[in-house]
Amino acid sequence: MARYRCHRCGELHQMMFAFHAPTPEQYLRIPESDRAKRAVLSEETCEIDGKNYFLRGLVQIPVKDGPEPFQWGVWVSVGELPYRRALDIWLEEGREKEPAYPGALATELPDYPPTTGLKVMVHTRPVGQRPLLEVAAADHPLAVERRDGVTMTRVREINEFFVHGPIEKPAEPPPAAEPIPPAAPIEPQATKSPLKKSSRGASGRYRRTMGH
Ligand SMILES: [Zn+2]
C-alpha cells in the first residue's frame, strides 16, 4: 500500500484512493433518536420516511499520474420507480444495459462547493458493482475533476484533509459562508465489509478504502 510524505505534518501516511460516506446526508439530519423509526438503512440502500430513496454510488475521478482512479463513495437520491427497479434487477445478469436515470447527490463532499443536491445521471453497472454517477452541472469542480481528471497532488491533498482537517487560513475576516466542517473521522474499510464504528468518533461522514 503506497504511502506519501504528508505536507502538513511531515509524517508518512497511507495513500487512500477512495473515501466512502456510510449514510446519506439526509439520514445524518434525522435526530439520532428518530432514525430507527424513520429510516431503513442497509449497506447499499436507504429509505427515509417511506418516500425518500437512496442508493450508494461512485463518482470516479481519473488520476493522470496515478495507479488507479480516485473514488468518492457517495449516496444518490433517486425516484421510487428507479429505486424499485434497481432492487428488482439487483442480481440480474446484464443489468448494466439499463438506461441511465437521473438522481441527486445525497452526500456533502469536503473541499468542494456544496455537493448535496447536485444532479447526476446514474449508470447501472454489472452485478456486484456500485453505479457510476455522472455529474450534470458541467462547471461544478466535481464535474470538472470527473471529466478532466486530477493529479496525485490533489489526491494527496484530499488524503491530508481526512487526516488533518481543512487547512487553517491565516487571520482573515470571518467568511460569510458556512464554515467548513471539521475533518470527518475515517477508518479503512473493505468495500464489502460491514460498517465499523470509527476509531475517532461516531459522527463521521466518511470512511476510506483502497477502492472497489
Ligand atoms: Zn500528516
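Trainee: Which residues of helix 3 are buried?
Mentor: Keep in mind that this is a predicted model. Helix 3 covers residues 80–88, and seen down its axis the buried residues fall within an arc of 105°, so they line one face of the helix. The residues on that face are Pro-82, Tyr-83 and Ala-86.

Trainee: And which exposed residues sit on the face of helix 3 turned away from its buried side?
Mentor: Start from the buried side, which holds Pro-82, Tyr-83 and Ala-86. Looking at the face turned away from them, you find the exposed residues Glu-80, Leu-81, Arg-84 and Asp-88.

Trainee: Which strands do the buried residues of helix 3 pack against?
Mentor: The protein has eleven strands to pick from, along with five helices. The buried residues of helix 3 pack against strand 6 (52–61), strand 7 (70–78) and strand 8 (101–105).

Trainee: Now helix 5: how far apart are its end C-alpha atoms?
Mentor: Helix 5 runs over residues 152–164, which is 13 residues. At 1.5 Å a residue it should span 18 Å, and the model agrees with that: the ends are 18 Å apart.

Trainee: Within what arc do the buried residues of helix 5 fall?
Mentor: The buried ones are Val-155, Ile-158, Asn-159 and Phe-162. An α-helix has 3.6 residues a turn, so residues three or four places apart point the same way. Seen down the axis, the buried residues of helix 5 line one face, because they fall within an arc of 100°.

Trainee: What residue just after helix 5 takes a positive phi?
Mentor: Helix 5 covers residues 152–164. Just after it, a positive phi of about 85° is taken by Gly-165.

Terms used
Residues are numbered from 1 along each chain as its sequence is written. This is a predicted model: local features need pLDDT of at least 70, side-chain atom pairs count only at pLDDT 80 or more; totals for chains, interfaces and linings use all residues. A residue is buried if 20 or more other C-beta atoms lie within 10 Å of its own, exposed if 12 or fewer, and partly exposed in between; C-beta atoms are placed from the backbone. Helices (H or I, at least four residues) and strands (E, at least two) are DSSP runs, numbered from the N terminus. The arc is that of the directions from the helix axis to the C-beta atoms. Two residues are in contact if their C-beta atoms, placed from the backbone, lie within 7 Å. The expected span of a helix is 1.5 Å times one less than its number of residues.
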